[in-house]
Amino acid sequence: MDPRVSVVILAAGLGTRMKSKTAKVLHRAGGLTLVEHVVRTGQAVAASGDIVVITGHQAEKVQQTLSSYGVRFALQAEQKGTGHAVCCAESELPKEGFLVILSGDAPLVSADTVRRLIASQVGSSAAATVLTTRVADPFGYGRILRDDQGNVAAIVEQKAATPDQLKIDEINSGIFCFRAETLWKYIGQISTNNPAGEYYLTDIVEILREQGFQVQPFELPVADELLGINTRVELAEVDRIFRAAKIKQLMLDGVTIERPDTVTIDGDVTVARDTIVESHVRLLGKTHIGEDCQIGAGSVLQNAHLGSGVKVEPYSLIADSRIGSGASVGPFARLRMNNDVGDNVHIGNFVELKNTHMGQGAKAGHLAYLGDASIGPKVNVGAGTITCNYDGVNKHRTVVGEGAFLGSNSTLVAPLEIGAGGYVAAGSVVTDAVPQDALAIGRGRQMNKDGWAKVRRETIKKK
Ligand code: UD1
Ligand code: CA
C-alpha cells in the first residue's frame, strides 16, 4: 500500500511585491487563482482531507475560493515565517507517513514532479528531501549548501548568506517532502535567530542534521516548473506558460486554433475535435464546446455550453448559457446570462438575450432584446423586437408560443403571452395577451394625404 501523504500549502503571506490589495495567492494565472493550481497539485498526491492550506492575509477569501475543494485550513494570524506557518498545521494533520510542503506562490509545479519527489523520499533513509534546481539568477532564493556526500548541509537565505554562498546557483524551490513524524518532532526547534527575525522553515535542515538525520536534494534539471511568483511580471509569465500548454494540448487533441498566441483558454475549458477557434478568442471558466463548431474571431465565451456544429460569428459574447447543436450566433451578439438556446436556433447581429429560452429552430436575426422570455420553437423574432421585461421595480416574463411571428419593431410589454401561431404586426406595442393564431396590431392607423408632399415642397421654394 502507498504510504499516507499529507500536504501543507503555504498561502498566508500578502506578497508585498505584487503591490496589490489582493493577497498574492488569489491572483490568477491560466484562469485559476494561484492557490487553486497548488491545491490541485496537492490533490494529485494526497486526499483532500489531508491537505491543509495555511491562510493569513484575506483568509476568508482564500477559504471561499477553495470551498469546493474539500481541503482543510489553518490560520496563521501573524506571518512569522515559513517555519511558523507549517507549525500552524500540526494539529490538523496525521503524524505518520510523509508530509509535502508546497508554496502557494509556485503554481507551475506538476503533480508528476511532486510524485517523483515523494518517491525519492520514500525510497531513502533521509529525514527529508528538498526539491532544488539551478538558475542563472539565484537572487532572492535560499541557496543549497551541499556536504561531501552531495546531501543538503544547509539552506541559507539571501539575507543571511555570505558573499561566497551568494554565488551558489542551486536554489531551494520551497517544496519539500518530510518524514512526518520526524518533522513534527523537531520543527519546534526552529528559532528566529536570523537577520529577518523570522521562523525559517529552511533552518530545519541543520536541526535535522544535528540530530543525525540526512537531508537529500532532489534536483530538477530544468527550472521552469519552479518559477515562483513575487511580482506581476512573473505572474504574466506564468499565465503565458499555462495558456500555451492548454492551447498546445487542445491542438494535439484535434482542435484547430488559428493564431494561437492571440487566443486565451482557461484550464477547465473543454473543446471537442474539429472545432475551429479563430484568432483573439477567449474561452473562459467552465466553457464546453462540442465537435465541429466554429468560434469566430474576437468572441468571448464564459461558462458557455455549446453542442456540436454551432457557428459563433465574430465578436459575440456568450456567458453562462447553453447553445444547442446546429445553432448560429452573431456576429456581435450578446448572450448575457442563463440562456437556453435550442438546436438550430439562429441569433443574428446585435441581438441580446438574458434569461431567455429559445425553442428549436427559432430565429432572432437582427437587433433584438429578449429578456426573461420563453420563445417557442420556430418563432420568428423580427428585427428590433424588444421585451419590456422591467417595470421599474420587478422583472416579468414574456411567453411566445410555437411558430408565432413577431413583426419588426414589436414592443412586448411583460408580463405577456402570445399564443402559438399568433402574429404581431410590425411596430406594435403589445400589452395584452394575444390568442393562438390571432393577429395583434397595436399602433396608430396610417393615413395618406394625397399630394401633400408636392404642395409642401412648392411652398418652401417660394420663400
Ligand atoms: C522561500 C524560502 C526560500 C526559497 C523560496 C522559493 C524560506 C525561509 N525561504 O523564500 O529558501 O528559495 O521560498 O520561492 O522558507 N508564507 C506564509 N507564512 C509566513 C511566511 C510565508 O504562509 O509567515 C508563505 C507565503 O505566502 C508564500 C510562501 O510561504 O506563499 C513563501 O514565502 P515567501 O515570503 O515568498 O518566501 P521567499 O522569500 O520566497
Ligand atoms: Ca516566494
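Between which two strands is the loop that holds aspartate 266 found?

1. Aspartate 266 lies in the loop that runs from β13 (264-265) to β14 (270-271). Helices (H or I, at least four residues) and strands (E, at least two) are DSSP runs, numbered from the N terminus. The model is predicted, so local features need pLDDT of at least 70 and side-chain atom pairs count only at pLDDT 80 or more, while totals for chains, interfaces and linings use all residues. Residues are numbered from 1 along each chain as its sequence is written, chains are lettered from A and ligands numbered from 1 in the order in which they are written, and side-chain values use heavy atoms, with hydrogens and water left out.

2. Aspartate 266 is buried, at a relative accessible area of 8%. Buried means under 20% relative accessible area, exposed over 50%, and partly exposed in between (1.4 Å probe, protein chains only). Leaving aside residues up to four places away in sequence, aspartate 266 touches Gly30, Gly31, Arg243, Lys246, Leu283, Leu284 and Gly285; contact here means heavy atoms within 4.5 Å.

3. Strand β14 belongs to an open sheet of 9 strands with parallel pairing, in the order β14-β17-β20-β23-β26-β28-β30-β33-β36. Its edge strands, β14 and β36 (416-418), each pair on one side only. Two strands pair if DSSP finds at least two bridges between them. Strands β14 and β17 (residues 288-289) run parallel and are joined by 2 bridges; valine 271 has isoleucine 289 in β17 as its bridge partner.

4. Ligand 1 has 21 residues around it, of which Gln76, Gly81, Thr82, Glu157 and Asn172 come nearest; a residue counts if one of its heavy atoms lies within 4 Å. Oxygen atoms of ligand 1 lie 2.7 Å from a polar backbone atom of glycine 81, 3.0 Å from one of alanine 12 and 2.9 Å from a backbone N or O atom of glycine 142. Of the 750 Å² of accessible area that ligand 1 has on its own, the protein covers 85% (Shrake-Rupley method, 1.4 Å probe).

5. The calcium ion (ligand 2) is coordinated by Asp105 (OD) and Asn230 (OD1) at 2.7 to 3.1 Å. This pair links distant parts of the chain, 125 residues apart: aspartate 105 sits in the loop between β6 (98-103) and α4 (111-122), asparagine 230 in the loop between β11 (215-220) and α8 (232-252). Donors are N, O and S atoms within 2.8 Å of the metal (3.2 Å for Na, K and Ca); water is not among the atoms, so sites may look incomplete.

How values were computed: A polar contact is a pair of N or O atoms within 3.5 Å; within protein, one must be able to donate a hydrogen and the other to accept it, and residues adjacent in sequence count only if both atoms are side-chain atoms.
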